[in-house]
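Here are a few notes to read alongside the coordinates.

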Amino acid sequence: MNKYYSTKWSLLVFAVPALLLFTVFCVYPLLPEIWMSLHRNDGFRNLGFVGLDNFKDAFSSSSFWLAHRNTYLIVGISVLIGLPLSMMLALFMDAQTPWFRRIFKTSAMFPAILSVTVVSEMWVSFYDPNWGLFNSLLKSIGLGSWTHSWLTERRTVMPSIGLSFLWQYIGLNAMLFYAGIKTIPKNYFEAALIDGANFFKVSVKITIPLLQDIIKYVLILSTLGSMAFYSQVRVMTSGGPGDVSRTVVYQMYYTAFETSEFGKGTAIAVIFILECLLISFLIQRFVAREKLEF
Amino acid sequence: MRILSRSFWLLVSGTFLFPLYWMISISLKSKDEAYNNPFGIPRSWDWPNFKNALSQYHFFVYLENSTIYTAGTIVITLMAGSMLAYCLSRMQWKFSALALFYVSLGLIVPIEVVLIPLFQLLKLLHLKDSYLGLILPYSGFSIASCVLMLYAFLRSLPKELEEAACMDGANVYQTFFRIIFPIIMPALVTQCVLLFMRIWNEFPLAFIIASRDHFRPLTVGLLNFFVSVGVSDWGLIGASMLLSSLPTIIVYMVGNEKIEDALTAGAILK
């Protein structure tokens, strides 16, 4: 039987196409990335070895640090605000009748299936200073002084973009949590309810602790997803005003494709890859370490 | 109390469905009405925005491109991915554990970070501004999750069927395509849905690689249309947004339970 599977030819035929695709387009680019980050490169020619100068330039530019602040602000918003809200939605879904749950689920997932271009453009219209939804609402309830030109003011631009991102994926994350809740055996809850625990207590003491594997999965997914935050910024503000709303990936794109400093762009990319690896390592190491069986 | 909480949550679902209402309503408004009454119900039902959108916005070009990119990626990823998963789960091979680990590394690298060298590589291979220029990188980046999911699925399958096929004199290719392929169909459908959602809406890579209008997918084409129209004509923009979203909305209406299962499959399976 083993011999039947493993003729040399069939091994080649089955393994090589996928491994080749993966290696050429996913792994191999990391090598020229590191190499380019040590050189000056304008996108067409290599202009010589410069050692770690690209990295020094990156660390000494204020845009680089601003981009980091913005990126981690988005990570913070989606992890510290988004995930708890999603968890609440999931717990709520679980407590509903099937019919109501169906409606709620269908609508909660809807924003996540729309493309980021459509959602971001829609939010551009919400934030419009003259006729946008937010300013109109604020004016109509007499809070005209709270209105802002949301996407062009230094202080409001990043939180505004963050809110649209939060809104788009909150329902999807709730679905993931809810899928986890469904896998918990019902008798866990019944026992607690007989003991007189209320909904809140059951959620905090039973449901959430039993969901730690899913929480970890969603945490990794949304952390890495928001680390690579780019598209919303591109559509809503193009990094503006000035460099105020650039994220790390945006800064990397900008440096390479708009100022033709490919060497510096790849230096930012290399730093960023290390950050992603470090963060996924930290989550793997410190969040929910023991495996649950039930 | 129950009524109160129900209505609160209906309101919450309402905000999630708001974009649908907003796109439909603004696409029916004239330029002036879009300014004076941007979020209300349209006063008159007009269709000129759609006519203009269809003539100015290259909807069908982008639709065709998005379809080619998505279908191409799905076909290549599912074929190559299922074959590798089969090979890793069944064939005796010195490096199969290593290969599995190697492929799973693909889950950590986000596509955005290798964009610059990928751009150079595609230029070198003369694949920039071609369909394969996006399909191949998309497939490369989709292989990891596809292989891992199918590998877990195949590991749980008994080997008896294949042994029987072997007795009957089928070779390994026949066994794979005639027997294994139909059995793993549910997992393939799940992957297919996931790939559709991911590739159809992919933005960052397409924005850089498909720079010529002729090769742009819907996501990028819509942004460029948006930039060229400016914020002066929201009725027209709304119509083009609605057109661009129609394929996904239709897919979602037809298969929303399938989509839900697929999206949550990864979370439970791990």
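This is a predicted model: local features need pLDDT of at least 70, side-chain atom pairs count only at pLDDT 80 or more; totals for chains, interfaces and linings use all residues.

**Notes on helix packing and the chain contact**

1. The axes of helix 7 (residues 131-155) of chain B and helix 10 (residues 185-200) of chain B come within 11 Å, and they cross at roughly 155°. Angles over 145 degrees count as roughly antiparallel, and therefore helix 7 of chain B and helix 10 of chain B are roughly antiparallel to each other.

2. Now for chain B as a whole. It has 13 helices and zero strands, and its C-alpha trace spans about 75 × 60 × 35 Å along the principal axes. Of the 270 residues of chain B, 46% count as buried. Looking at contacts in chain B between residues at least 6 apart in sequence, 75% join residues at least 24 apart.

3. How many residues does each chain bring to the contact between them? Chain A gives 72 residues and chain B gives 69 residues. On the side of chain A that touches chain B, helix 2 (residues 8-27) of chain A gives the most, with 12 residues. That side of chain A divides into 52 nonpolar, 15 polar and five charged residues.

4. Helix 7 of chain B turns up again here, packing with helix 2 of chain A at an angle of about 120°, with the axes 8 Å apart. The two helices are therefore oblique to each other, and helix 2 of chain A passes helix 7 of chain B in a left-handed crossing. From helix 2 of chain A, the contact is made by A:Ala18, A:Leu21, A:Phe22, A:Val24, A:Phe25 and A:Cys26. Among the residues on the helix 7 side of chain B are B:Pro137, B:Gly140, B:Phe141 and B:Val147. The contact of helix 2 of chain A with helix 7 of chain B has 12 nonpolar, two polar and no charged residues.

5. Within chain A, the axes of helix 5 (residues 62-94) and helix 14 (residues 248-258) come within 7 Å and cross at roughly 145°. The residues involved are A:Ser63, A:Phe64, A:Ala67, A:His68 and A:Thr71 of helix 5, with A:Val248, A:Tyr250 and A:Gln251 of helix 14. This contact divides into four nonpolar, four polar and no charged residues.

6. On annotation, an unreviewed UniProt entry places the feature "domain: ABC transmembrane type-1" at residues 68-283 of chain A. Over residues 68-283, chain A is 76% helix and 0% strand, and the end C-alpha atoms are 19 Å apart.

7. A:Leu277 and A:Leu224 are 53 residues apart in sequence, with their C-alpha atoms 9.6 Å apart in space.

Technical notes:
Residues are numbered from 1 along each chain as its sequence is written. Chains are lettered from A and ligands numbered from 1 in the order in which they are written. Two residues are in contact if their C-beta atoms, placed from the backbone, lie within 7 Å. Helices (H or I, at least four residues) and strands (E, at least two) are DSSP runs, numbered from the N terminus. Ala, Val, Leu, Ile, Met, Phe, Trp, Tyr, Cys and Pro count as nonpolar, Asp, Glu, Lys and Arg as charged, and the others, Gly among them, as polar. UniProt positions are given in the numbering used here, feature names are shortened, and annotations may be inferred rather than shown by experiment. Axes are lines fitted to C-alpha atoms, for helices over the stretch in contact, and angles run from 0 to 180 degrees between N-to-C directions. A residue is buried if 20 or more other C-beta atoms lie within 10 Å of its own, exposed if 12 or fewer, and partly exposed in between; C-beta atoms are placed from the backbone. Angles under 35 degrees count as roughly parallel, over 145 as roughly antiparallel, 65 to 115 as roughly perpendicular and the rest as oblique. A crossing is left-handed if the near helix is turned anticlockwise from the far one by less than a right angle, and right-handed if clockwise.
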